[in-house]
Amino acid sequence: MRIRSLFLFRKYTISAFIIVLLLSALIVMSLRVKQRKGVDYFDALLMEFCAPFQKASTFVIKGIRGVFQEYFFLFHLQKENIMLKQRMAELQKENQQMKETSLANERLQKLLQFREKISPTVIAAEVIGQDPSSWFKSVTIDKGEKDGVRKGMAVIAPEGVIGQILKTAPHYSTVLLITDYNSAIDSIIRRSRAKAVVEGKGENRCQLKYLLRTEEVVVGDMVVTSGLSGNFPKGLMVGEVREVDRKGHGVFQYAELVPSVDLTKLEEVLVITGSSIPLSERREKKERKIPEKGAKKK
Amino acid sequence: MRRVVFTLLLGILFLTLQVTLLTSFPFRRIRPDLILILVLYLGLFYPPISGGLLALFMGFLMDLFSGNGFGLYTLSSPFIFYGARFFKGRFYLESFTSQFLFVFTFGLVEGLLILILLSALNPGPVDKLYPLLFTFLLPQSLFTGLITPILFFLIRKGFFSLFNHQEIGVMERGNRS
């Protein structure tokens, strides 16, 4: 039976369908705003299907970029030098590979050291895709609920804060970057300890809001997390003040901030899945507890 | 059915390219919106029912990997699809210039629609997005329009090589849902 025959007034089939379709889009929007489970399951299912393509594509692009960087300039060489140049290319390739390995090693070592310093319950993830829209700022990572990632968890790098988990699927997640206009993190200025909220401004910039006019802020001041906004540990670098605006009236002043992490070149990130108390503090607490227990036994 | 599956796969391919390949270039401001081109193609050559459903799915895909938590593209994509269907008979869309202008205009319309929906749902911080109208939306729509004739040509080529001419003829007339 054709769909059209189901309608009482065949003349209006298309119009009725358009109205139903747009209404269903509105319902999906409403369900998303309320964060109902039904949409989440469908999201997760589609994400699981589509994200492997992105992962494969990112892998291929990285490979091609490497080859392109190594060989592109060698094509213009003269014939008599071909042998020599090929040898040089091989050596260059080896060198590049070694450099790349060394850089990756350095990066991962840095991540590992940082991970030990900040919290043992941190997992490393690879960025496999960027936001498809220019209005929003997010990235997709290759770790999801099966790896212990949950909505709202903090995402960081050795250089500082990156953002927080927005959506999760079993093996993939979406991270809302601090530069997105929807992002807000409670922070303090390291030098003066003045409290403020860092909000995204798009285009790799953030804004310091609710900063009291009486507080002294200068260009170059470092902004760190206050530890009050849920999952972010205290003292993580957020960015550097680039511009201070005191022109307006009112009790607050505003400042523009450049994130400490270059969010346009993200490759690996860390997701804080557990306690945000730094390892050193936890060790101290543990050490304190052990003598207490010993004293109780006595 | 085969052409619907092919279009779905094409949508996933375009999305993958949009979030990986096109973001790896240094000129991010002029990153073209491939999904918009596909939705407009659907609007021009697909019937209202299957095309509308496909446009809804493309919007859903966009929302899935985007930092927007509202599902704005799920709503805007069918609007763009039916907008394109409404205007397709009023323009001659075979030339490079008309295809460019058509997609450029719809790129701007989609951007404005997103902004209107955002300001309706979350009025507070949206004012930060207004400068992006000139720094992002305008150049992006321009480049989306510029690559449209090539993509339209490639999609049509793909359809002609995969399906028989009778099926494509029916599809382009928009008589079959």
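**Overall make-up**

The model is predicted. Chain A contains 4 helices and 12 strands.

| Property of chain A | Value |
|---|---|
| Buried residues | 39% of 298 residues |
| Contacts (separation of 6 or more) between residues 24 or more positions apart | 57% |
| Accessible surface | about 17,600 Å² |

Carbon and sulfur atoms supply 59% of that accessible surface.

**The barrel**

In chain A, 6 strands form a closed barrel. Their order is β1-β2-β5-β4-β3-β12, and the pairing is antiparallel. From one strand to the next, the twist averages 45 degrees.

Strand β1 of chain A spans residues 122–130. It runs antiparallel to β12(A), and 5 bridges join the two. Within this pairing, A:A124 has A:L270 of β12(A) as its bridge partner.

A:L263 sits in a loop of chain A. That loop lies between β11 (252–259) and β12 (268–272).

Is A:L263 buried or exposed? Its relative accessibility is 4%, so A:L263 counts as buried. The cut-off for buried is under 20%.

Which residues touch A:L263, leaving aside neighbours within four places in sequence? The contacts are A:I162, A:L177, A:I178, A:T179 and A:N204.

Definitions and conventions:
Residues numbered from 1 in each chain as written. Chains lettered and ligands numbered in written order. Predicted model: local features only at pLDDT ≥ 70, side-chain atom pairs only at ≥ 80, totals over all residues. Heavy atoms only, no water. Buried < 20%, exposed > 50% of the residue type's maximum accessible area, 1.4 Å probe, protein only. Contact = heavy atoms within 4.5 Å. Areas by Shrake-Rupley, 256 points an atom, 1.4 Å probe, with all protein chains shown as cover. Pairing = 2+ DSSP bridges. Axes fitted to C-alpha atoms, helices over the stretch in contact; angles between N-to-C directions.
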